[in-house]
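Dear colleague,

Please find the structure below, handed over for your records. The findings follow directly after it.

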Amino acid sequence: MGKLSTPDWITEGFDSKADWEKAQGKKISIKKKGKTFKVKVCPKCGGNEVRVVLSGKEGKSDNGWECKSCSWVGKEVEDKEMNEKEFIKHLENREGK
């Protein structure tokens, strides 16, 4: 096992690692506070009734995604991220249909 060394951001005089990464031009990952929920959205109509299409022997291979409302079939479906309040509002709107 090797020696431990002082991180570069400390030796270069920065107050935090985020400040050092910003100065270096590195992309900073920002975490959202609270829970985030992902909803699959159809790229054609924007509907959220998207499901996986299974086929083959015993349904083991997938052929992609299918939209229930517009019958779109494809491999690339969009993910929409929501916080808890947006997700609850989304569910209430969906039940109201």
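Asp-79 has a relative accessibility of 43% and therefore counts as partly exposed, a class that lies between buried (under 20% relative accessible area) and exposed (over 50%), with a 1.4 Å probe and protein chains only. The model is a predicted one, in which local features need pLDDT of at least 70 and side-chain atom pairs count only at pLDDT 80 or more, while totals for chains, interfaces and linings use all residues. Residues are numbered from 1 along each chain as its sequence is written, and side-chain values use heavy atoms, with hydrogens and water left out.

The side chain of Asp-79 meets that of Lys-40 in a salt bridge, at 2.9 Å from N to O; the term requires a side-chain nitrogen of Lys or Arg within 4 Å of a carboxyl oxygen of Asp or Glu. This pair links distant parts of the chain, since Asp-79 belongs to strand β5 and Lys-40 to strand β1, 39 residues apart. Lys-40 is partly exposed as well, with a relative accessible area of 32%.

The structure holds two salt bridges. In the one between Glu-66 and Arg-51, the closest N and O atoms are 3.3 Å apart. Glu-66 lies in strand β3 (residues 61-67) and Arg-51 in strand β2 (residues 50-55), so the pair ties together parts 15 residues apart in sequence. Glu-66 is partly exposed at 24% relative accessible area, and Arg-51 is partly exposed at 42%.

Strand β5 also holds Glu-78, which is partly exposed at 43% relative accessibility. Leaving aside neighbours within four places in sequence, Glu-78 is in contact (heavy atoms within 4.5 Å) with Val-39, Lys-40, Val-41 and Pro-43.

As to the overall fold, the protein has three helices and five strands, in the order α-α-β-β-β-β-β-α from the N terminus. These elements are DSSP runs numbered from the N terminus: helices are H or I with at least four residues, strands E with at least two. Of the 97 residues, 18% are buried.

The largest pocket contains about 260 Å³ of space. Its lining comprises 14 residues, and the closest to its centre are Gly-46, Gly-47, Asn-48, Lys-80 and His-90. A pocket here is an open set of points on a 1 Å grid over the protein atoms alone, where a 1.4 Å probe fits, with protein on both sides within 12 Å along at least five of seven lines; lining residues have an atom within 4 Å of a point. The volume is the space filled by probe spheres set on the points, which are joined across faces, edges and corners. Helix α3 gives the most to this lining, with four residues.

Yours sincerely
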